[in-house]
Amino acid sequence: MIESLVRKNILALKPYSCARDEFKGRAAHVFLDANESAYNAPYNRYPDPMQEKLKQSISVVKEVPVEKIFLGNGSDEAIDLVYRIFCEPRVDNVVAIEPTYGMYKVCADINDVEYRTVCLSDEYVMSAEALLQACDEHTKVIWICSPNNPTGNDMDRLELKKILTEFTGVVVVDEAYGDFSDLTPMRKYLGYFPRMIVLNTFSKAWASAGIRLGMAFASEEIISLFNKVKYPYNVNMLTQHAAQELLSQMLKLERWINDVRHERKNMLPCLMELPMVEKVYPSSANFVLVKVTDADAIYSYLVDKGIIVRNRSRVALCRNALRITIGSKEENNELLGALRSYGMKTM
């Protein structure tokens with residue numbers, strides 16, 4: 001039962017009742033209930049607090065029932081809600097692979113929850129046994145990002161299955177970059193793993209980081225907890241409209257994903273032949289992690305050229321590593337040209 005994992009105050013919480021929820025299911029045309037302005041339509045009205053129409057469209061695309069979908073202000077809202085729902089401050093802890101997405105730790109710190117890390121291997125391989133051994137009776141959540149950020153690789157599915165089968169808490173599988181991977185999305189297996197939460201986002205493959213829309217897929221019981229704790233109008237009207245527009249252009253989306261995959265494939269050999277590049281790690285994401293001779297110097301050189309990549313040298317297991325997003329063909333060529341010039345300059 002998921003209830004045994006939930007904080008007692010959350011179980012007892014009476015959620016805020018939105019004005020629009022109170023007449024749900026009945027027709028209305030005069031709205032004098034929410035102290036809104038009568039002017040400047042449609043922006044004078046609060047957005048749908050449960051994003052019903054948008055969820056219906058996402059349900060068709062993602063093949064997940066509406067009742068198993070949560071929408072938030074970026075994936076970061078869902079990440080924070082996991083802590084607020086399941087983790088008692090200064091009592092519970094979470095376990096995560098390392099290196100990985102930094103917001104898991106930031107949200108743990110904000111919520112005063114112990115954050116335990118288990119390092120990947122030198123080749124960024126995950127050990128289910130090591131993660132399980134890091135858990136104790138107060139471990140409520142295991143965080144797994146796959147494809148992982150900043151390493152770019154998919155986590156082994158057999159290891160992931162072992163964790164999902166043996167861990168008695170909540171397992172969050174963050175598939176922010178999953179649309180670029182060849183593996184079947186983990187949301188397809190929600191029926192097998194009732195304590196799994198799968199994250200996805202409009203920021204990466206959907207090319208819409210600016211609208212700040214994240215998705216969480218989980219059991220109906222977990223999603224009801226998310227909806228209970230979230231702020232009433234957490235996804236604004238403009239975001240909902242923009243997302244609906246994107247969902248009507250699925251052929252364009254598929255072309256974007258294919259273009260990124262094509263550019264990623266072309267970039268790998270070009271990077272590997274550069275003299276300052278020591279290793280290019282395999283990637284299933286829209287970026288590659290590249291080990292270089294001197295990450296600080298190369299990063300600074302690229303900044304002077306107006307080209308910004310991410311220096312990950314101070315992250316565990318990523319010394320002298322740059323994370324490079326796959327851009328347009330023109331952007332990628334400009335980056336490669338700058339790196340070739342750097343190589344000539346240092347010879």
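User: Where is C107 found, and why is it called buried?

Analyst: C107 belongs to helix α4, residues 103-110, where helices (H or I, at least four residues) and strands (E, at least two) are DSSP runs numbered from the N terminus. Its relative accessibility is 4%, and buried means under 20% relative accessible area, exposed over 50% and partly exposed in between, with a 1.4 Å probe and protein chains only; C107 therefore counts as buried. This is a predicted model, in which local features need pLDDT of at least 70 and side-chain atom pairs count only at pLDDT 80 or more, while totals for chains, interfaces and linings use all residues. Residues are numbered from 1 along each chain as its sequence is written, and side-chain values use heavy atoms, with hydrogens and water left out.

User: Which residues is C107 in contact with, leaving aside its neighbours within four places in sequence?

Analyst: With those neighbours set aside, C107 touches I79, D80 and Y83, contact meaning heavy atoms within 4.5 Å.

User: What makes α3 roughly perpendicular to α7?

Analyst: The axes of α3 (residues 74-86) and α7 (residues 220-229) cross at roughly 95° and come within 10 Å. Axes are lines fitted to C-alpha atoms, for helices over the stretch in contact, with angles from 0 to 180 degrees between N-to-C directions. Angles under 35 degrees count as roughly parallel, over 145 as roughly antiparallel, 65 to 115 as roughly perpendicular and the rest as oblique, so α3 is roughly perpendicular to α7. On the α3 side A78, L81, V82, R84, I85 and F86 take part, meeting L225, F226 and V229 of α7.

User: How do you know that Y124 and R212 deserve attention in the backbone, and is each buried or partly exposed?

Analyst: Most residues other than glycine have a negative phi, and most peptide bonds are trans. Y124, although not a glycine, has a positive phi of about 65°, and R212, also not a glycine, has a positive phi of about 50°. Y124 lies in the loop between β3 (114-119) and α5 (128-133), and is buried because its relative accessible area is 2%. R212 lies in the loop between β6 (196-201) and β7 (214-217), and its 33% makes it partly exposed.

User: Which peptide bond has an omega of about -5°, and what is it called?

Analyst: That bond joins S146 and P147, and it is cis; P147 lies in the loop between β4 (139-145) and α6 (157-166).
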